[in-house]
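Subject: Structure for you to look over

Hello,

Here is the structure I promised to pass on. Please open it first, then read my notes below.

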Amino acid sequence: MARYLPLIFKNCWRNRRRTVLTIVSIAVSMCLLGVMVALYHAFYLSDPAPDQALRLVVRSRVSLTVAIPRSYQQRIQQIPGVREVMIYSWFGGTYKDNRDAKNQFARFSVEPEKLFVVYGELTIPEDQKKAFIQDRTACVVGRDTANTHNFHVGDRINLTGDIYPGNFEFTIRGIFDSPRASDVMFINKEYVDQTLPERRRGLTGMFDVLIDKPENSTRIAEAVDNTFRNSPTETKTESEQAFTVGFLSLLGNVKMFLMAISGAVMFTILLVSANTMAMSVRERVREVGVLKTLGFAPGAILGMILGEACLISAAGGFAGYLISMLLMAFVAKSPFGGFLPTLRLVEPSVAATCILTAATIGVMSSLVPALSASRIPIVQALRSTD
Amino acid sequence: MAIPLAYNLRNLVVRKTTTLMTALGIALTVAVLLAILALVNGLRTTLSTSGDPLHVLVLRKGSDSELVSLFARAQFQDMKFKPGIGTGRDGQPLASLEMITVINLGNVDNPNGVNVTVRGLMPAGIEMRHGVHLASGRWFDPGRRELVVGRSVAKRFPDAQVGKKLHFGRGDWDIVGVLDANRGAQDSEIWGDVNQIVADYQRVDTASSVMIEATDPVTAAALVNDLNNDRRLGVAAMSEKEYYDLQTRQAVPIEFTGIFVALIMAIGSSFAAMNTMYAAVSRRAREIGTLRVLGFSRFSILVSFFVESVLLSALGGLLGCLLVLPLNGLTTAIGNSNFAELAFDFHLSPQIMAAGIAFAIVLGVLGGVFPARNASRKEILTALREV
């Protein structure tokens, strides 16, 4: 087979325009498939990043919007394997005007002294961390938020509360870096508590639990939920990754959406490449006759045509994978990136999926024309004028 | 003189496999675009039929969804007797104190459950929602732990059927009826007595929002101003229509993603169309030469091949419309501003189909212009000699 390789290359290059057009159209479709596969992989298959694997989110079983008692904190803390439990609530509120999407960065109220313990992957200068812990009206913002709004340490941010009514003024005491998108702001729960009536102070939206080993996460999650079973407020505990994916499902049926688009893309490539191969084989019938006269066996001819199709579509698949890497880098940087589990840009399984799918589609699409070409009688092939 | 259209049509028929494959490629691209547009259109239709211009929704200042709004009962008493509020059958003002919360229900697609809106409301609240009527069963009795579920909720969740019980808050609730909001957002809600629901959530003094009905549109606008300017109340009022219109902005990311995907696929399929047309040009070199000898100008050859490409893609566009047709009327759901799901139907309008065919024709134009130019530039003698 290897000795036919030069001939296969020559054949690929005989109609350069067509080859280039085919490669580009496969590459463009494949890059979409690459993005879909990468997203699917990140949501449903990938192992969480080491820091994420150590965090569980505890919330009310009824829904995210029902608060749970803070008194649960002590009892969760006592479960073996739990290292830290942090009170963690969605603060919401309005910054300037909600109609502008860039003003809608996430805002959480937390326990400042625990924040950088539970979120070990966040980096912040030591003095800024201290200032955040000491100042009740302090806040810290992610690098992305700081860049979008040109915030500096010492600036003040005014928010109008909704879940927590009132006008709040915060001083930025620190800007932290995160390995992921960081369009987020953390504030001190004490400051929020002061504005609340007595009966709401003892509640929290969620608990963020730091555990000792990733393999304990299922056991601890069950232990937490069992502790509060049959109480007026039952809990639902899940890994941070599962929590994020569940949150995303609010956008609609993501899994189905990814599958449907991937399916349409693959079918389109199949059509494109089948069409091209059929055209190029039809043009060459007479040539096949000459090859046969020279003594090439039908199997060799079949192999050459299949090889050509495979080569062209694999090239398209590879180019598509490269483009999809660029696109994913763009997606990870977008505000949407904050919802995503960690994305590794170079994901071997995505590359393999792209190239192998493309190559398989190439072989499948050229099978019919290749078979008919290899089976055609010499005389008929030589007589063909098309 | 122009080359007759029949020439192009026959050429497409002769090469039927290639024609069909290229057209199918375009059809799929168009189908993806149309599916997304139909989805967004369905969502917009649902949201725009949900709001009544006479209704005024009152939330706490700073809240932009009912779920995060908090409302004291005392405020409601002050507000009830504002001028311009309609009068109900019982002689009371048409104002309803409402409480919104969400509960988690599971179904086949989502075994972990999705959020569904529960709305507690007063009898006036039912009376003023003219678009909502009972599909089966009966309304809940005030003072009892009874629920009426929306049509979409009943359709999508096996647990939400008349005669069954739902467990949330402090205990079980009986489902006694199904409401039909004529595809409005209320079809995705579960309704019950507001006093029962606030009691279960230990929020006796507070609810989420107030819905009032004005006597006419002018009064409604005046009422909105009046409420917004009343510093004593500290509330934000807007017409219900405006509230739902604001929610349509969540369709923007879906629309954006869909158009982006369709555009990328369009590059792929317009290149495929280009490939097909180049092949057609090179296979018909001798024909082109003959046409030139017969006296057809370069320009008419250019036009002819261009038209053929457009015909091919228009066929693809039509096929694409046929492919998405079964989607029309299919129900799906999306998260709404209350963190709960909002069910709606795909809605394929004639305008959307026209947009799809126009999109296909653009693909054909892009894919056809270079091959057509190539064909028109052939020299007569070399063209005749080509094999």
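The largest nonpolar core has 216 residues. Of these, C139(A), V32(B) and L34(B) touch the most other members. The element that gives the most to this core is α2(B), with 19 residues. Please keep in mind that this is a predicted model.

Now the interface. How many residues of chain B are in contact with chain A? The count is 44, and they meet 39 residues of chain A. Four elements of chain B give two or more residues to this side: α2 (16–50), β3 (95–105), α9 (251–283) and β13 (331–335). The largest share, 13 residues, comes from α9(B). As for class, this side of chain B has 22 nonpolar and 18 polar residues. Charged residues number 4 there.

Chain A as a whole:

- Chain A holds 16 helices and 11 strands.
- The C-alpha trace of chain A spans about 95 × 45 × 35 Å along its principal axes.
- The radius of gyration of chain A is 29 Å, whereas a compact globule of 386 residues would have one near 21 Å.
- Of the 386 residues in chain A, 43% count as buried.
- Among contacts in chain A with a separation of 6 or more, 83% join residues 24 or more positions apart.

Two backbone details are worth a look. Most residues other than glycine have a negative phi. N150(A) has a positive phi, near 55 degrees, and is not a glycine. Where does N150(A) sit? Its place is the loop between α7 (143–149) and β6 (156–161) of chain A. Is N150(A) buried or exposed? N150(A) is exposed, because 7 other C-beta atoms lie within 10 Å and the cut-off for exposed is 12 or fewer.

The second case is in chain B. N182(B) has a positive phi of about 55 degrees, although N182(B) is not a glycine. This residue lies in the loop between β8 (171–180) and β9 (189–193) of chain B. N182(B) is exposed too, with 12 other C-beta atoms within 10 Å.

Best wishes

Notes
Residues numbered from 1 in each chain as written. Chains lettered and ligands numbered in written order. Predicted model: local features only at pLDDT ≥ 70, side-chain atom pairs only at ≥ 80, totals over all residues. Contact = placed C-beta atoms within 7 Å. Nonpolar A, V, L, I, M, F, W, Y, C, P; charged D, E, K, R; others polar. Buried ≥ 20, exposed ≤ 12 C-beta atoms within 10 Å, placed from the backbone. Rg over C-alpha atoms; globule rule 2.2 N^0.38 Å. Core = buried A, V, L, I, M, F, W, Y, C linked by C-beta atoms within 7 Å.
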